[in-house]
Amino acid sequence: MATWMKWLRDRLPTGGGLRDEDWAGRHRLLTVLLAVIMVALVLFGVLQREDHIPAMLLTVGLVLPCLIAASLLRSRRARSVFVALGYTAACAGIVSLSHGLTEAHFTFFISVGALALYRDWAPFGAFLVATTLHHAVFGTLVSDHTYDHNSAVAHPLVWAVIHGGAVLIAACFQIVSWRLTEVEEDRARENLDESQAQLSVAFDQTPIPMAMFSPEGMVLRSNAAYREWLGLPGDLPSGFSLADVPLTPVDPTEPPILALFADSHEPRTVTRQYRRPDGSTIWVQVHGTGLYDRNNQLRLIYVHCFDVTATRDHEAELRYQVRHDALTGLLSRKAFEHDLAAMLTGSAEPVSVIYLDVDRFKSINDGAGHHTGDDVLRALAVRLSAVVPTGALIARLGGDEFVVALPGPSGTGLAVANGILGCLAEPLAGVPVSLSVGVTTAFGPSTADEIVLAADTAMYAAKRAGGNRLQVFTDDLRVPVQERIAAEARLRRALASDPRYTLPLWFQPVVSTATGRIIGAEALVRMRTEQGNVLAPGHFIGVAEETGMIVPLGEHVLRSAIEHLQHWSDWLGYVSVNVSPRQLAEADFVPMVAALLAEYPYIDPSRLVLEVTETALISSTVDVSERLALLKQLGVRVALDDFGTGYSSLTWLKSLPADVVKLDRSFVAGLADDPRKASIISAVLWLAHSLGMSTIAEGVEEFSDWEALREAGCPAVQGYFFSKPLPAPEFDRMLVAGTTVADVVNSTFGGVHLNETTGRALAG
């Protein structure tokens, strides 16, 4: 029996599913409603006949104690039972005051629905028992005030049971409904508990610091990562708020961070810098989301925090690297140009720019090593920073070039530039250093490019004047720069169009002293301008070397020379072509020559002579001997040009695989009248012959020098004595005509009779 009762009790709803505040609200509603009903009964009783007064007073006497008990008792169940008893008394009073009207009995069923708000079987049980007792007792004692039909009056107990059963059935349906609802709520609560458990695990165990704040800034919840990050205890004290967090904004003028999140219905991200209690600073990125109720009232603010100090430091380092030179720490070119443009725009005073270049810096690198060169540049940066006034811009533009910009009255830049030159009296990193300095001042609207170019132009003028000096920019200095720019543009246009027309080859004959006939020619490039003028190499070769255009230009000259060599196969022995240092240093120079020769397989490669100067050999960054040996493997011959002009000529003559030595014109001019030159040339001719080399004398302009060279045994000569460089068509006519030295002398001397020795020499 006890087991059955326990089983039944466990399945009856007990109202436990209601929260205290929800139950209290329902109880308050039912209590107030009961009080209103009691007042209504009093008014209803007063309006009836006097014989209803006792019934009204009895009803009030029963309801009022129930109201008092329902208000004062502490137990939820006891309070609900007294409300149920009060409703039973109120319903009985309505029935009595209605003379047992059947429709008045409906109030009992209405009360069943009202008491269902408690979701508890106890008030239902009390109401059922009290209702049955009322119908039985009062139906027996005052049947005319309980029932209004004869059957009930005659059998009050039967109808009491019937009425109680009806109430019980109505209550049972309510109880079943409550029970089903509780089962569903339990299932929903389990799901909610599981979701909350998952959320708690995700919230509490995540390594990202997270917290929930009330709109007033109180900490509602925080995870372990948040407390550990801020050095807070595991259990925060009651009333802990954002103001207690051990972080102080570096900028106190910034608005409170919670206010930013509270003002936005969308998630926001705010990055702030804070100071810790130990004085260190950190950057914190806070992602915040406000949670609102159905009335659009802010309930709480959920935040998660990221310490982005390392990221911000890295970004700052990257910005520094972008704006500063890695070697010296000075401004980079890009940062200098940006800041100079801002200075030119924002300064009311003139702006001076000082352009600096270290004299012979390549010698420092080559002689002392690149590490020493770097030390010199770093030391120069420190020296400049000490001399230049505060607020000036100092940058390293690249290599050994530096630039300074500063505002100030006229003469400020010149004074600072002189100070820079003066500060180099002491060596830098143990190395004596001098500078070429250019200065310019912008007195009106100028762009950064214009003023830097002007200072650069002045610096190059100082360097061309010998270095270790200062040059102030004037408009006259701009002319050579403009000429260079124009020459570069002309050369680019010439290479981009048809170089056979815009960059034609001229040829200067090489003549045998034994036969007086043409045995070869040196190819010399010219430029034909858009106006039809022909320019000598001096107008564009220097620009070609500086810009690197010498490489495509040299390839064109080689190709054109080989084409002419093929055309003159029956009349000309060979063609020589000058090779610049820049060409010789190109990794694909030898393959390019090989490819050109492969295009003309019927030409003997030995008929192509490549002339290299001693300057090219000394300044080249590659192994010259190895590269020339590769060329000779192709069958090409090599000539050492301008021999005798350098201190190491004999060394090169011994170590290089040269086939031809070309004597410089400085040894040839006036040879007939200078015995010392004759001795030198005889020695060189003997040395070249002993090494298996041929010799050509350049710059022969006088008949007397021709005779002296012939008598000394020089195999071949070239120069204006025989012919100046000629365009290809004129040179072609000379070849076809078989022009000799005798023809040239006869035309020069107008048929004057020559002595016998000279005649035999000219006749060969």
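A salt bridge here is a side-chain nitrogen of Lys or Arg within 4 Å of a carboxyl oxygen of Asp or Glu. By that rule the structure holds 16 salt bridges. The model is predicted, so local features need pLDDT of at least 70 and side-chain atom pairs count only at pLDDT 80 or more, while totals for chains, interfaces and linings use all residues. Residues are numbered from 1 along each chain as its sequence is written, and side-chain values use heavy atoms, with hydrogens and water left out.

One of the salt bridges joins the side chains of R272 and E254, at 3.2 Å from N to O. R272 lies in strand β4 (residues 268–275) and E254 in the loop between β3 (248–249) and α10 (257–262), so this pair ties together parts 18 residues apart in sequence. Helices (H or I, at least four residues) and strands (E, at least two) are DSSP runs, numbered from the N terminus. Burial is judged by relative accessible area with a 1.4 Å probe and protein chains only: buried is under 20%, exposed over 50%, and partly exposed in between. R272, at 7%, counts as buried, and E254, at 29%, as partly exposed.

Another salt bridge pairs E611 with K662, whose closest N and O atoms are 2.7 Å apart. This pair links distant parts of the chain, with E611 in strand β17 (residues 608–613) and K662 in strand β19 (residues 660–663), 51 residues apart. Both E611 and K662 are buried. They also belong to a network of salt bridges that links E522, E611, K662 and E698.

The surface has a nonpolar patch of about 700 Å², made by L58, L62, V129, L133, V137, F138, L141 and V142. Patches consist of residues with over 30% relative accessible area and no salt bridge; like charges are joined within 9 Å, and nonpolar side chains (Val, Leu, Ile, Met, Phe, Trp, Tyr) within 5 Å. Accessible areas come from the Shrake-Rupley method with a 1.4 Å probe, and for residues only the protein chains shown count as cover. Helices α3 (53–72) and α6 (121–141) each supply at least two residues of the patch, and α6 gives the most, with 5. L58 is found in helix α3 and, at 43% relative accessibility, counts as partly exposed.

N296 has a positive phi of about 65° although it is not a glycine, and is placed in the loop between β5 (281–292) and β6 (298–307). A429 is likewise not a glycine but has a positive phi of about 55°, in the loop between α15 (412–422) and β10 (435–442).
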